[in-house]
Amino acid sequence: MPENESSPSIRLPDPAKLVVSNSPHIRSGQNIPRIMFTVVAAMLPACVAGVWFFGLAALEVLLLCTASCVLFEELWNRLTQRPSTWKDGSAIITGILLGMNLNAGVPWWVCLLGGLLAIVLGKQLFGGLGYNPFNPALVARVGLLIGLPEIMTTWNATRSMGADVITTATPLGMAPGAVEIKQMLLGNTGGCLGETSAIALLAGGAILLAFKLIKWEVPVAFIGSVAVITGIAHWANPAEYHSPVVHVLSGGLLLGAFFMATDMVTSPMTRKGALIFGLGCGIMTSLIRLWGSYPEGVSFSILFMNALTPLIDRMTIQKPFGYVAPEKGKVA
Amino acid sequence: MSAMKEFSKGLWKENPVLVLMLGMCPTLAVTSSATNGLGMGVATLCVLMCSNAVISAIRGIVPKKIRIPVYIVVIATFVTIVDFVMQAYAPTALYEALGIFIPLIVVNCIVLGRAEAFASKNGIGKSVLDGLGMGLGFTLSLVVLGGTREFLAGGSLFQVKMVPGWTTDFMLMTSAPGAFIILGLFLAGMNQLNIRKAKREGKTYTPPGLDCRQCNICDLGGE
Amino acid sequence: MLSEFLVITVGAILVNNFVLSKFLGICPFLGVSKKLDTALGMSGAVVFVMTLASLVASLVNRFLLVPMKLEFLQTLVFIVVIAALVQLVEIILQKVSAKLYESLGIFLPLITTNCAVLGCVVLNAKSAPGSVQSTWYGATIYGFCSAVGFALALVLFSSLREKLDLARVPKAFEGTAISLITAGILAMAFLGFSGLV
Amino acid sequence: MNEKPRKFKGGVHPDDSKALSASKPIQDAPLLEKYTVIMHQNIGAPPELVVKKGDAVKKGALLAKATGFVSVPLHAPTSGIVSAIDKCPGPTGLAIPAIEITADGSDEWGSPFEPIADWRQCPPAELRQRVADAGVVGMGGAGFPSHVKLSPPPGKEIDTLILNGAECEPYLTADHRLMLEQAEEVVVGAAIIARIIGLDTAIIGVEDNKPDAIAALEAVAGRYNVRVQALPVNYPQGAEKQLIYAITGREVPVGKLPMDVKCVVQNVASAVAVADAVVRGRPSIERVTTITGKPVVRPGNWRLRIGTPIAKALELAGGISEQPAKLLLGGPMMGIAQRSLGVTVMKNTSGILLIAGDEVSLYTSEPCIRCGRCVEVCPMSILPATISQAVENKRFDWAQQLNVTACIECGSCSYVCPSHRPLNQHFKWAKVEIQSKLRKK
Amino acid sequence: MDTALVAIVSTGAIGGVLGVVIGVVAKAFAVETDERIERVGELLPGANCGGCGFAGCADFAKAVVGARALPGQCPVCSPDDVRNISQYLGIEAEQKEKRVAVVRCSGDCANTVRTLYNGIRDCRSAVVVAGGAKGCDHGCLGFGSCANACPFGAIEIRDGLAVVHPELCVGCENCVATCPKNLIVMVQASVDVHVYCNSPEKGAAKRLVCKTACIACRKCVKAGEEGQMVVDGFLVRTNYENPPTTDLVEKSQCPTSALRLASKHAANEYQGAAK
Amino acid sequence: MAAQKVNIPKLGIFLGVVAAVASGLLSAVYVSTAEAIAVNQQKKTNTALQQVLPPFDNVPGSETKTIASPKGWPVRFYIARKGGDIVGYAGEVVTPEGFSGDVTVMVGLEADGSVRKVIVTKQTETPGLGTAITDRKVQKTIVDLIRGGTEATGLAPNRFLDQYDGRQGGGTPWAVAKDGGDVDAKTGATITSRAVCGAVYAVAGTCIEHLQDLSQGGGQ
């Protein structure tokens, strides 16, 4: 076999150009921007619904929030001489989420302030993406809610409600029984611009689940526990408490359960942990909605559970394959 | 010269709030406005000076075993006196705003800390100066913190609107979370200054970790 | 009656959390929260001492100071009582349970100057006459619940700080600064409970 | 016949890229002028040299003898002269001692032992000694001396022998071709091993993406009372613990060996080596290796002698068409990256793989976003992300608490990590640090 | 004034009782403390580097007072410190010479063959992958594990090579344990001439991967006095028992510039010295 | 080193003496400030009374009457006189129906029982939501200071509190719009609005009902 003879025409690798690294040497091709932009895509239906119902003001808020988040991300990175990170898409998600959590009619500076709170206070001070213990968009939303309660609890009416109606109550703020479920499904009710359309949010959630970007345990436990607790309250006193259907469809519950509670960075990593996390969110949301002073509890409850995440993570450390419990009395 | 040093160290170099991180409870609780900060600061200043003086005076005769209880009794006495005086002569709104934190000066680590760390080892004059300096440093920090929070919340200082057009108050700043956040930002600012300074001098600076070692009351530090 | 206790419980633990909304006990909150294990130890010690101190101080107040019209000595007497109590607890603990002493002992001296304890006692003494809190059992429950609130905040905070240890916090924010900001956001979350009672 | 195999938790499905070489029959490599036999090819103690420079040796002659129980001898890959005993780059990049044989061209056999034709009657102890003498090691990867596995300590009962034909690593097809072309030898090897450990049956586990190999094995398996078990495709199906679980449902406890759950696992290539040693009386001096990768001109499977320089092996495959980014010994998931072409084929070199630049753009590690993918895929159910952060902060004690030592370094976590974190390296590092701390104590 | 009287009497009584209680308690539960430990702790530098082998300065102070350790064991203490502590405890102060670390490698990026390495930037971690990323198996990897381990900032990573600043080094030995290549040794601070190479390979093999390797040409051995430089396989080393004077470097004209003065090496005066 | 010698009696005596001296000092200060404290505390009530009542020349704090409202809450009435004639009443009531606890409302009433002015003296409502209803915030601006402008006089307006001015109790209790009444409530703070409305009505209603009684004057 002549070709097996060593001949100069056979080219061999140049060792100087070989890279050494630890195994594995192939990767799945998954990366952060791809994940982030899929999430953005999943948020789009709800955004479109928001713009449809609340008009161009909603678009303005969404764009402003996104722009301000990206701006602050870039500014901070320049200031601290860190590599630019806005292109990874996480700031864009934060911006859109923040916008979805605002009323369509908020002044421009609220969006700017929200971006500052979200990106700087909620994220970059902790070291940027991956290190923030709290969901940045929620830090901003709750910060604004505490700081500017009046602005944050006034909601624009949708376009179809007539030109003379400027503000309206959210379904949760109405008397039980006065709520139209169909309008809530569509999103033709008062509320933050990204949280009203249940159908669009469910569609987005389906995208997230289909791409395996979220753990199903979180939304299921979250929504389920809210439904059960508010259901009991409604059953006990239907005149005072909304039906669980209203609770599930209204406020930021669907938005929170699918898009905010599922934030990877700030929620538990294991499935068991996700279940506990979702349950905790649901219980606290129900408590605040039924008896608390703020009109809505989703943001607070997720923020609180974010704080619990390290503890949950610690409690739900899974046993390794073939784990044997150390014998008692034996000191390791 | 050295008297000046005893006095001035509390203002900046050993500022009780921003450097030693003592007396955090009142610092956070009452600094929702510059006025409150001033009131609390002055009250603490009085207690600190008086207790430093007395403790320094009796330092020679206090048996070591009961020195802490004795110091606490002395401090508690002055705190109660200040409490009465404020109740009698200070504006009611201020007294109510400071609320429970006036009696709690007793357990403010600055006071007991200075008693232990300084007054029990130094003469009366020096101790009074130390108390004055530390107290002023405390007051200053509280006023600055309170002023910042008040200004950021609504553009006012000492209840006077500095920015007349500012109509919507940003209440996060005066709320409990705001207290933590603003103080955190202040400390970061201090760190940044120190980092710059260290860089100029060709050294490295590590921001202090959170341990309550500085109060000198117990030996639990660092954990 | 039961509802009043519920109000005290929920109020003291969540709504008016000692640390995050009343700013009491900040020093140990910041100082003893570096590790979860230490935080747990401190929590245990505080719960124990605060409950006991509330009980003793309210008894002293009710049956000594008030009848003798010596309310103006409250601050003085309370702090002395707490200091003595802590000392006694330390001794008794040492005698009764060496194991418990080992885990809680080092935290005890710190508790004397924990303003949460004195604050709790003073709040009890200043509560409206006739309210549950002014009775000895109400005061004790309040003390216990406040301490549990303190413990909750401390444990949450310490677990967050353990996480922060791994974070790439900007240099200027390392240490105390970022811890305070974390506490601030934690306080934000706790504000959600407002109005529950 | 086929029991339904259990699915172990986790695992990934990388593109297997086996088509490059799966259809290429095994070719015998021509005799080379020089072979450099690396001294230390097994886990355990290195063997002790019995030749010196200038000695003439026959093919199969003993070059180095085992030193102790966990050690295996080395044999000459061809007849010739021991021309040098010097250092040569080892698989880990560090230079290690090696024996250079300059071939005399006659390739004359001088095996130290005779074939055992009637192995069915031969006492197991003798067969076991033969396996040890022939220097058979685990040829799937680690290079653990085979006879050690076949010597369960008294009191340890063995009831299952599993032959590992999963070959779950992408790109590699050596075992696949071996099972297809030498099915009988695989099965005979299995039967011999079964006899050594006192069993009369064995199970060969093969991933079901090799139906031709399964068919070939099944055609002969019945005669030797061996069963072929098709396994679902799921990396790392070929990892010992996962394989045992898939076939028997038993979990090997952390820190324990297969024999603790009454199992013995041998690689199919090792089984062929055992059959060779017993039936043909030949020591382990060659192995089937896949030379593959996009940059390789003619990817395929070759029967290479131990000591064949990588450069020569690559020449067999026609060299390269483009400069690769990485040269690996083994598969892409667990193989070791080389920094020179000086390393030679060892008993556990299952593949020589070139990775093109586009497949392996130099990833920069980004912060963990806690997506939990690594937790999902970890076949050992540990928490890669958390451990990695602990190691990043040099918290090895914490990593230990989080059971980093259970990690089998399969690389599944790094494979899926969207932040491209060097998770596997973190674990390897942590294990080294933990080991050195233990040693200090 | 009734109230006042009641107040004085009652609090006086409380105070008195408490004082007695504390006294009794203090007596009953007296813990033997040794003031000397505290004092010695104050005299120690407080670097908590662990160089003495104890768990920090406080632990060391306890050991010194308990005569389980000598003050001189603290690598950080200046001779003055040692004298003070010894004087305080009334024990003999033993003289000890300051020791500093030397990283026995001069192969910076410009002088050595390096492999492209993609992984964790830490020597101890890099070494588990292909033995590190250097052509020379024995050279400094340059990822700075030692520099990170140094509590005194005495090690600088310069162009992929760890360089010790002898004036900053206090000899705590933290770096010695950290280096996965065992390159760092502690030597007397007074010795300035060192061979910056630790590869036992043959000269030719070394030259292939590093321009500044010691090729054991023995020029320095000949230039110095008998026994000042010793040959060890394919490597020459300074004999620290009988160290050469600093002019040896000048005299010997080391062809690879592996023979260097620590002070000049730290001052970066050998850049581009290799031929 | 052995434990130090402890002189127990000395410790007791020392601590006792210190404590005694301290409490003596405290008693002295207590006694001497007691009066000033009382005065200072009255000031607050007086300021509030001045804000809600028509001009008066007596000390309303010294002439009070406590009557239970229909809901059972005790309403404390202060009686204001000018030249001996009753010019108005101020009723203070604590409602437990606030969002986060008690809300104390002081209602100034004309002599005929119609509401003159309402202020909230104590509340713990949600900042920004509930407090929008309860607070009458006066704030000087820097501009005022520079101009040396006049001291702010009177009460800052608050449309939620001012809407009661001129109303008279009796008849159906007032209610917020959501409950079918004509009182304006703030979106997002319905409960506080409801509580304030109820408290104001409790005072106004009680006043009308007991006007005869009140006009007889009160006691200490």
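**Close-up views of a predicted multi-chain model**

**View 1. The surroundings of D:Ala271 in chain D.** D:Ala271 is part of helix H7 of chain D, a helix that spans residues 268-280. Its relative accessible area is 0%, and because buried means under 20%, D:Ala271 is classed as buried. Leaving aside residues up to four places away in sequence, D:Ala271 touches D:Leu163, D:Glu185, D:Val186, D:Gly189, D:Ala190 and D:Ile193. D:Ser381, by comparison, is 110 residues away along the chain, with a C-alpha separation from D:Ala271 of 31 Å.

**View 2. The interface of chain D and chain A.** Of the 13 pairs of chains that touch, chains A and D have the most contacts between them. On the two sides of this interface, 79 residues of chain D are in contact with 48 residues of chain A. The area buried between the two chains is about 5500 Å², and carbon and sulfur atoms give 59% of that area.

**View 3. Charged and polar links between chain D and chain A.** Two salt bridges are counted between chain D and chain A. One of them is formed by D:Glu376 and A:Arg271, whose closest N and O atoms are 2.7 Å apart. Sorted by class, the side of chain D that touches chain A is made up of 42 nonpolar, 20 polar and 17 charged residues.

**View 4. Chains that do not touch chain D.** Chain B is not in touch with chain D, the nearest C-alpha atoms of these two chains being 17 Å apart. Chain F likewise does not touch chain D, and here the nearest C-alpha atoms are 35 Å apart.

**View 5. An aromatic pair between chain A and chain C.** Over all chains, the count of aromatic pairs comes to 19. Among them is the tilted pair of A:Trp76 and C:Phe173, with ring centres 6.3 Å apart and an angle of 55 degrees between the planes. A:Trp76 lies in helix H2 (residues 56-79) of chain A, whereas C:Phe173 lies in the loop between helix H8 (136-164) and helix H9 (176-191) of chain C, so the pair joins two chains. A:Trp76 counts as buried at 11% relative accessibility, and C:Phe173, with a relative accessible area of 11%, is buried as well.

**View 6. An edge-to-face pair within chain C.** C:Trp136 and C:Tyr137 form an aromatic pair of the edge-to-face kind, in which the centres are 5.6 Å apart and the planes make an angle of 85 degrees. C:Trp136 is partly exposed, with a relative accessible area of 41%, and C:Tyr137, at 34%, is also partly exposed.

Technical notes
Residues numbered from 1 in each chain as written. Chains lettered and ligands numbered in written order. Predicted model: local features only at pLDDT ≥ 70, side-chain atom pairs only at ≥ 80, totals over all residues. Heavy atoms only, no water. Helix = DSSP H or I, 4+ residues; strand = E, 2+ residues; numbered from the N terminus. Buried < 20%, exposed > 50% of the residue type's maximum accessible area, 1.4 Å probe, protein only. Contact = heavy atoms within 4.5 Å. Buried area = accessible area lost by both parts, 1.4 Å probe. Salt bridge = Lys/Arg side-chain N within 4 Å of Asp/Glu carboxyl O. Nonpolar A, V, L, I, M, F, W, Y, C, P; charged D, E, K, R; others polar. Phe/Tyr/Trp six-rings, centres within 6.5 Å; stacked < 30°, edge-to-face > 60°.
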